[in-house]
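I opened this entry to get to know a structure that was new to me. My notes follow in the order in which I looked things up.

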Amino acid sequence: GCTDIIGGHKVRPHSWPYMAAIQNKSLSVFCGGTLVEKQWVLTAAHCVIDELQDRVVLGAHQPSIAEKEQQIFKIVETFPHCQYDPPRYDNDIMLLKLNSTAKLNKYVQLLPLPDSFEDVEPVTVCQVAGWGDISPGKPSKYLRKTTLEIVDRKSCNKHYANNPKINNNMLCATGKSKSRLSDACKGDSGGPLICAGQYRGIVSFGEKCENPGAVGVYTRLTEEYINWIRRTISSNRDP
């Protein structure tokens, strides 16, 4: 699927301090994530993690180089949602447990889970960030963000011809300006969708980034998922 921010803008360094870069052994960022507790990152279940080789970098602006603000962790365990359904992209949500706790400071912070569970209304303006491709096959060195607006599920289902079916656990969003290709795409898989200052979704899947009017799909942080997150963390904490 398309998991890239085509166009968009470089963020002010460290202005998304809860952003996690998930890197493989060659230090390519293949997914994003969000620090939700000091030892836990929330991401998408379709991000395939190799616990022996992959790592999580917090406090990064340019994850491919060593920056003094960075904190680097191994992944000790992955907790994909037990009902994750790959062909339908349903329940595309996963927690990663880090090998130690993050030190919170100006560069590394938690993103609070939403405190209300209403749906996100169409035309709500949201932002997404990531290190995904800025043009096909060319990843961004720096964290970039783009501005999107929520699309209603009926139009989104029409757009995807019900394949997969867009349900209430999902949100759809498209670039703010229809004519500019640059905004019509989404951030790295697993990264956060922020709407009106609240953490509302996780980058899940999309289509070809270069298509004008491309619509990205996000896992919506529903009450059920938030309860699952809290349960999973509390029953798997270090003693």
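**Cysteine pairs**

I began with the cysteines and counted three disulfides. The model is a predicted one, and I kept that in mind throughout.

I took the pair of cysteine 31 and cysteine 47 to start with. Their sulfur atoms sit 2.0 Å apart, and they form a disulfide. Cysteine 31 belongs to strand S3 (residues 29-37), while cysteine 47 is in the loop between strand S4 (40-43) and S5, so the bond ties together parts 16 residues apart in sequence. I then looked up the torsion about the S-S bond. For cysteine 31 and cysteine 47 it is about -95 degrees, so this disulfide is left-handed. Are the two ends buried or exposed? Cysteine 31 has 3% relative accessibility and counts as buried. Cysteine 47 is buried too, with a relative accessible area of 3%.

Next came cysteine 126 and cysteine 195. I found a disulfide here, with the sulfur atoms 2.1 Å apart. This pair links distant parts of the chain: cysteine 126 is in strand S8 (residues 125-130) and cysteine 195 in strand S13 (residues 192-195), 69 residues apart. The link of cysteine 126 and cysteine 195 is right-handed, with 105 degrees about the S-S bond. I noted both cysteine 126 and cysteine 195 as buried.

I went on to cysteine 156 and cysteine 172. They form a disulfide, and their sulfur atoms are 2.0 Å apart. Here a helix is joined to a strand: cysteine 156 lies in helix H1 (residues 153-159) and cysteine 172 in strand S12 (residues 170-175), 16 residues apart. Which hand does this disulfide have? The torsion about the S-S bond of cysteine 156 and cysteine 172 is about -85 degrees, so it is left-handed. Cysteine 156 and cysteine 172 are both buried.

I also checked cysteine 82. At 69% relative accessibility, cysteine 82 counts as exposed.

**Strands side by side**

I moved to the strand pairing and followed it from S2. Strand S2 (residues 19-23) runs antiparallel to strand S5 (residues 55-58), and four bridges join them. Within this pairing, alanine 21 has valine 57 of S5 as its bridge partner.

From S5 I stepped to strand S6 (residues 71-80). S5 and S6 are also antiparallel, with four bridges. Leucine 58 stands opposite glutamine 71 of S6.

Five bridges join S6 and S7, and the two run antiparallel. In S7, lysine 97 is the bridge partner of glutamate 77.

Which other strand did I find beside S7? S4 pairs with S7 in the antiparallel sense, over four bridges. Threonine 43 stands opposite methionine 94 of S7.

**A closer look at S7**

I stayed with S7 to see where its side chains go. In a regular strand, side chains alternate between the two faces of the sheet. In S7, Met94, Leu96 and Leu98 point one way. Leu95 and Lys97 point the other way. How many of the five residues of S7 are buried? Five of the five are, so S7 is largely enclosed by the rest of the structure. I noted that this includes Lys97, which is buried along with Met94, Leu95, Leu96 and Leu98.

**Rings**

I turned to the aromatic residues and counted four aromatic pairs. One of them is tryptophan 16 with tyrosine 18, a tilted pair: 5.9 Å centre to centre, with 55 degrees between the planes. Tryptophan 16 and tyrosine 18 are both buried.

Another is tyrosine 89 with phenylalanine 205. This pair is stacked, at 4.0 Å centre to centre and 25 degrees between the planes. Tyrosine 89 is in the loop between S6 and strand S7 (94-98), and phenylalanine 205 is in strand S14 (residues 198-205), so the pair ties together parts 116 residues apart in sequence. I compared how open the two rings' residues are. Tyrosine 89, at 25% relative accessibility, counts as partly exposed. Phenylalanine 205 is buried, with a relative accessible area of 4%. I also found that ring pairs link Tyr89, Tyr160 and Phe205 into a cluster.

Lysine 10 lies over the face of tyrosine 142, at 4.3 Å from the ring centre.

Methods
Residues numbered from 1 in each chain as written. Predicted model: local features only at pLDDT ≥ 70, side-chain atom pairs only at ≥ 80, totals over all residues. Heavy atoms only, no water. Pairing = 2+ DSSP bridges. Disulfide = S-S within 2.5 Å. Buried < 20%, exposed > 50% of the residue type's maximum accessible area, 1.4 Å probe, protein only. Phe/Tyr/Trp six-rings, centres within 6.5 Å; stacked < 30°, edge-to-face > 60°. Lys NZ or Arg CZ within 6 Å of the ring centre and 35° of its normal.
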